[in-house]
Structure formats: C-alpha cells, structure tokens
Amino acid sequence: MNLTTKYMGLVLKNPIVASASPLSESVGGIRRLEEAGAAAVVLFSLFEEQLQLEATALEQHLEEGTESFAEALTYFPKVGDYRVGPEQYLELLHQASQQVQIPIIGSLNGISSKGWIEYARKRQDAGAQGIELNLYYIPTDPKMSALAVEKHKVEVVQAVKAAVTVPVAVKLSPYFTSMASLARKLKRAGADALVLFNRFYQPDFDIEELTVSPTLHLSTAEEIRLPLCWIAILRGQLRISLAATTGVETSAEVVKYLLAGADVVMTTSALLRHGPGHIATLLSGLQQWMEAKEYKSVKQMRGAMSQKNVADPAAFERANYIKILEKYKQEYSLKA
Ligand SMILES: Cc1cc2nc3c(=O)[nH]c(=O)nc-3n(C[C@H](O)[C@H](O)[C@H](O)COP(=O)(O)O)c2cc1C
C-alpha cells in the first residue's frame with residue numbers, strides 16, 4: 001500500500017502532518033511526532049506583533065504608555081510572556097532540521113507585508129523546508145471592503161514569496177465572500193498550498209466580571225465539514241496543494257479529507273488529547289480502510305469524492321441546502 005503524498009513540492013511518506021501547536025516547542029517534542037509517524041511537522045507560529053516588539057523594543061514604550069500604537073499592543077502579551085522568542089525559534093528550527101528526517105515547516109502569523117517578512121528568509125536559512133503563513137485577521141472596520149481585505153492578503157503572499165525559495169502555504173480563515181476566487185488569487189500570487197482552515201476563535205463573555213475572555217476549546221470531529229466542503233469544491237478546480245486542518249479525531253476524518261481532495265491531513269487537538277502516539281492510530285486506521293475498500297494508494301483516493309468526481313456535484317451547492325431542509329421537514333412531519 002502506497003501512503004506517499006506530495007505537498008507543495010515536498011514528497012512525504014504519508015499524508016499525516018502535525019499542525020502548528022505547542023507540541024513542536026522543543027526538539028524532543030518534534031522528535032516524538034516523527035517517531036509516532038508524522039510525515040512533516042509545522043512548527044508553532046511566531047507572531048508579527050512579537051517580532052515587532054522585539055525589533056523596536058516597543059515594550060519600553062508600552063510601559064511609558066505614550067504611543068497610540070503601543071497602547072493598542074497592550075492587548076498582546078509582552079516580550080517576555082512568549083514561551084519562545086524569535087532567536088530561540090530559529091535555533092529550534094535549526095536543531096530540529098538537523099535531528100529529524102522529516103520536513104519541518106516554519107509558521108509565521110502576520111497580516112502586514114513589512115518588516116517581519118525578512119524573517120521568512122531567516123527560517124529558510126535555518127532549515128525550514130517550507131513556510132506556513134497564517135493570515136489570521138478579523139476585518140472589523142466597516143470601511144474596509146472584501147476586495148481590500150483580499151488584496152492585502154495577496155500582497156503579503158507576494159512579499160513572502162519574493163523573500164524565499166522554499167514553498168509557501170497560506171493558512172486561511174473560513175469565511176470569505178468568495179472563497180474560490182480568493183483561493184485562485186492566492187495561487188496566482190505564488191502560494192504553493194492552502195491550509196483550510198484556521199479555527200475562528202470567538203471570545204466569550206464573563207458575565208460575573210463583565211469582561212471579554214479568550215476561549216480555546218479543542219476541536220471535535222463534527223467540525224470537519226466546513227473544510228471538507230471547501231476542499232472538495234477547490235480540488236479539481238485549482239492546481240494547488242491542499243492541506244486539511246480541523247477536527248481530525250479518528251482515521252475516519254483522515255479518510256474523508258483525502259477523498260475530498262486533501263494532499264495532507266493535519267492534526268493538533270487529537271494529539272493534545274491523546275498524545276503524539278495517536279498519529280500511529282490514525283495511520284493504521286487509514287491503512288485498514290484502504291485495504292477494506294481496495295485502494296492501493298493515497299494518490300488513488302485523493303479527490304475521489306471531490307465535487308468534480310461525485311455523481312451529484314449539486315450536493316455541494318444550493319441544491320443541497322434545499323434538500324436538507326426538505327428532508328428535515330419530511331422526517332419531522334413523520335414523527336409528529
Ligand atoms: C493549543 C493550540 C495551539 C495552536 N497554535 C497554533 C499556532 O501557533 N499557529 C497556527 O497556525 N495554528 C495554531 N493552532 C491551530 C492548529 O494548528 C490547528 O490548525 C487547529 O487547532 C485545527 O486543527 P485541530 O482540529 O486538529 O486542532 C493551535 C491550536 C491549538 C489547540
């Protein structure tokens with residue numbers, strides 16, 4: 001059985017990639033992911049704000065409280081609060097790429113196309129075989145159009161691509177007016193892969209303290225459907241690598257994402273819940289399924305249920321919406 005796959009030009013021994021998480025904060029952690037069978041590891045992100053803080057010693061300004069930009073940044077952690085600084089990050093990348101056989105992908109989380117871009121090149125020099133760009137941004141300004149938001153993302157990708165020769169993946173948030181069009185623009189800007197999707201971390205309210213509190217719940221398998229749907233739609237329409245991220249709890253989710261058309265399937269929540277050894281469970285479940293269904297390779301599976309390949313392509317569009325509602329009504333009236 002051939003589990004190999006190609007992701008943004010990298011040949012991987014299987015389709016399971018450990019996505020950005022604290023599990024990659026040490027060489028030991030990265031080695032454990034490799035031992036468990038991960039085909040590649042995406043390192044946790046360094047944030048643009050963190051790099052800016054370091055570069056301009058903004059922390060000092062923050063304490064003085066004089067600058068309006070600095071004031072805005074008070075909502076971010078201070079320099080010393082990040083567990084790993086930019087230099088340590090490069091050192092980790094260097095050490096890890098010396099000590100493991102699998103590709104290490106560095107992750108940058110930022111939204112502007114200035115200053116921090118050169119950092120992408122430093123990662124490449126430190127041994128990263130790819131860069132994952134996380135463009136997490138919530139456009140709250142009513143004057144900012146969807147087109148402006150997209151243009152901005154395209155410019156960041158172009159700037160990073162101009163700075164490095166290793167492949168660049170773009171990790172996107174799930175909600176855009178026209179996802180397929182944006183995906184095409186990013187490909188044209190040079191993106192080698194799309195990582196679908198960032199989870200949208202909505203804050204909660206603490207009604208005792210009357211504060212807005214950050215929340216992070218690990219994902220569940222139910223959450224695969226949004227990325228699953230978009231991977232199935234994009235596969236067959238765009239020649240670009242696609243990585244699935246969100247909700248991979250068992251091998252069933254791995255199988256679904258591959259059938260939709262993912263080149264690789266990423267996982268974090270399940271590894272935090274069950275430990276890195278869970279990768280081996282995902283892989284053996286995938287192999288068992290392939291054997292039962294007589295698939296000989298991941299390549300053969302990939303996209304077998306994409307929108308282009310299913311018997312009923314309308315199942316991914318408006319027709320599906322109408323069908324779901326009608327089906328529910330029929331079932332409900334039967335029960336009533
Ligand atoms: C504790 C934690 C830390 C994470 N850190 C990062 C990060 O540094 N950069 C990033 O792009 N994604 C980060 N993620 C998101 C994951 O890489 C992944 O995309 C997301 O959790 C969805 O996958 P999952 O359902 O398998 O968890 C983090 C997720 C968790 C739970």
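Reader: What percentage of the 336 residues of the protein count as buried?

Author: The figure is 48% of the 336 residues. A residue is called buried when its relative accessible area is under 20%, exposed when it is over 50%, and partly exposed in between, computed with a 1.4 Å probe on protein chains only. The model is predicted, so local features need a pLDDT of at least 70 and side-chain atom pairs count only at pLDDT 80 or more, while totals for chains, interfaces and linings use all residues. Residues are numbered from 1 along each chain as its sequence is written, and side-chain values use heavy atoms, with hydrogens and water left out.

Reader: How many helices and strands does the protein have?

Author: There are 14 helices and twelve strands. Both are DSSP runs numbered from the N terminus: a helix is a run of H or I with at least four residues, and a strand is a run of E with at least two.

Reader: What makes the pair K185 and E150 a salt bridge?

Author: A salt bridge requires a side-chain nitrogen of Lys or Arg within 4 Å of a carboxyl oxygen of Asp or Glu. The N to O distance between K185 and E150 is 2.6 Å, and their side chains therefore meet in a salt bridge. Distant parts of the chain are linked by this pair, since K185 belongs to helix α8 (residues 179–188) and E150 to helix α7 (residues 146–163), 35 residues apart. E150 has a relative accessibility of 7% and is therefore buried, whereas K185, at 30%, is partly exposed.

Reader: How do you know that E155 and K151 are separated by about one helical turn?

Author: They are four residues apart in helix α7, and therefore about one helical turn separates them. K151 counts as exposed because its relative accessibility is 54%, and E155, at 32%, is partly exposed.

Reader: Which other salt bridges can be named, and how many are there in the whole structure?

Author: The search of the whole structure finds 14. Among them, D141 and K143 meet at 3.7 Å, N to O. K143 is exposed at 75% relative accessibility, and D141 is partly exposed at 34%. R235, D263 and R302 are linked in a network of salt bridges.

Reader: What makes the link between Q307 and E317 a polar contact?

Author: A polar contact is a pair of N or O atoms within 3.5 Å; within protein, one must be able to donate a hydrogen and the other to accept it, and residues adjacent in sequence count only if both atoms are side-chain atoms. The side chains of Q307 and E317 are joined at 2.6 Å and therefore meet the distance limit. A polar atom of the Q307 side chain also lies 3.2 Å from the backbone oxygen of P313.

Reader: Where does Q307 lie, and is it buried or exposed?

Author: Q307 is in the loop between α13 (298–301) and α14 (318–335). Its relative accessible area is 10%, and it is therefore buried. Leaving aside residues up to four places away in sequence, Q307 touches A232, I233, Q237, P313, F316 and E317, where contact means heavy atoms within 4.5 Å.

Reader: Why is E222 called exposed?

Author: E222 has a relative accessible area of 57%, and is therefore exposed. The residue is found in the loop between β10 (211–213) and α9 (225–234). The side chain of E222 makes a polar contact of 3.2 Å with that of R225.

Reader: What is noted about the phi of M8 and of E294?

Author: Most residues other than glycine have a negative phi, and most peptide bonds are trans. Phi of M8 is near 40°, and phi of E294 is near 60°; each is a positive value in a residue other than glycine. M8 lies in the loop between β1 (5–7) and β2 (10–12) and is buried because its relative accessibility is 7%. E294 lies in the loop between α12 (278–292) and α13 and is exposed because its relative accessibility is 64%.

Reader: Which form does the peptide bond from L196 to F197 take?

Author: That bond is cis, with omega near -5°. F197 is placed in the loop between β8 (193–196) and β9 (204–206).
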